[in-house]
Amino acid sequence: MTPVGTPSRFSTRRTTVLLPDVEATGKMADEKKTGAARHRKGTGLGIAAGALGVLALLGVAGLVVVYTGAYNVAATEEHASFTRWAFDTTFHNSVERRADDVVAPANFTPDMIAAGATAYKSMCQHCHAGPGVERSEWASGMRPRPPHLTEAAAEWEPQEVFWIVRHGVKMSGMPAFGPTHDDRAIWNIAAFVKQLPAMTPERYAQLGSAQHGGGHGGGAQTTGATGGAAQGGGMQSPAPGGAHGAHPH
């Protein structure tokens, strides 16, 4: 037996447990959050500054091109692929957006198509050709080149054709016919243009009559079923298509 008062070798040693300082821990967490927020803010400011710097350089480069005449505006040189894509994409999206509110007639009557044929042969044929008819030789020198509407017209809705004819297209050679023609006349042209993809040369030759005129230096020579040569003058073509193959000018 162990004498009373004698410490036992099995006695438990007293251990001191230190509890964490809650306030200090909270301060450390807050400091970490603040540091992370400052880092994110600094990164965001760096990205913004970099983007602004790039835009500034692009602006300066653009001004250099504008004022030095570095860009070749000659129509004897084709547009670069990117320029073609940018013009064509902008053109299509712009027309689709603005023609969305245009309400087309329920149907196109034979009288509308016939009237539109006369206007088309007078004002549009020399640039956009027709079934069995080539466009005027000078029109091939335009940039962007006017499309053959026997193919390109299928890409557009009637209201889009109407909008293009009425408002024209900037930087394409396609004039706005709204100031000189009423909506009825423009719908007639749209009605005829929408028939072109399925029209035969014989039917094209039968419809309308080409009026003589001197628009843009002469008219297109028809080589359709009649075999004769009819001149189409007047203003530049109002029918649509698309930039570089689907563009109206």
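**View 1. Buried residues of helix α7.** In helix α7, the buried residues are Ile186, Trp187, Asn188, Ile189, Ala190, Ala191, Phe192 and Val193, as computed from a predicted model. Because 8 of the 11 residues of α7 are buried, this helix is largely enclosed by the rest of the structure.

**View 2. The largest nonpolar core.** This core, the largest of its kind in the predicted model, comprises 34 residues, and those with the most contacts inside it are Tyr120, Leu149, Ile164, Phe192, Val193, Leu196 and Tyr204. At least two residues of the core come from each of α2 (81-98), α3 (110-123), α5 (149-152), α6 (158-167) and α7 (183-193). The helix that gives the most to the core is α7, which supplies 7 residues. In soluble globular proteins, nonpolar side chains tend to be buried together.

**View 3. Asn188, a buried residue in α7.** Asn188 lies in helix α7, and its relative accessibility of 12% falls under the 20% cut-off, so Asn188 counts as buried. When neighbours within four places in sequence are left aside, the residues in contact with Asn188 are Met112, Ala115 and Gly116.

**View 4. Asp183, a partly exposed residue in α7.** Asp183 is likewise placed in helix α7, but with a relative accessibility of 34%, which lies between the cut-offs of 20% and 50%, Asp183 counts as partly exposed. For the pair formed by Asp183 and Phe162, the separation is 21 residues in sequence and 8.5 Å in space, taken from C-alpha to C-alpha.

**View 5. The packing of α2 and α6.** Two packed helices are described by the angle between their axes and the distance between the axes. For α2 and α6, the angle is about 105 degrees and the axes are 9 Å apart; since this angle falls in the range of 65 to 115 degrees, α2 and α6 are roughly perpendicular to each other. On the side of α2 the contact is made by Phe91, Val95, Glu96 and Arg98, and on the side of α6 by Glu160, Trp163 and Ile164. By residue class, this contact of α2 with α6 involves 4 nonpolar and 3 charged residues, with no polar ones. Ile164, which takes part in the contact from α6, is also listed among the residues with the most contacts inside the largest nonpolar core.

Note on methods: Residues are numbered from 1 along each chain as its sequence is written. This is a predicted model: local features need pLDDT of at least 70, side-chain atom pairs count only at pLDDT 80 or more; totals for chains, interfaces and linings use all residues. Side-chain values use heavy atoms; hydrogens and water are left out. A nonpolar core is a set of buried Ala, Val, Leu, Ile, Met, Phe, Trp, Tyr and Cys residues joined through side-chain atoms within 4.5 Å. Buried means under 20% relative accessible area, exposed over 50%, partly exposed in between (1.4 Å probe, protein chains only). Helices (H or I, at least four residues) and strands (E, at least two) are DSSP runs, numbered from the N terminus. Axes are lines fitted to C-alpha atoms, for helices over the stretch in contact, and angles run from 0 to 180 degrees between N-to-C directions. Angles under 35 degrees count as roughly parallel, over 145 as roughly antiparallel, 65 to 115 as roughly perpendicular and the rest as oblique. Contact means heavy atoms within 4.5 Å. Ala, Val, Leu, Ile, Met, Phe, Trp, Tyr, Cys and Pro count as nonpolar, Asp, Glu, Lys and Arg as charged, and the others, Gly among them, as polar.
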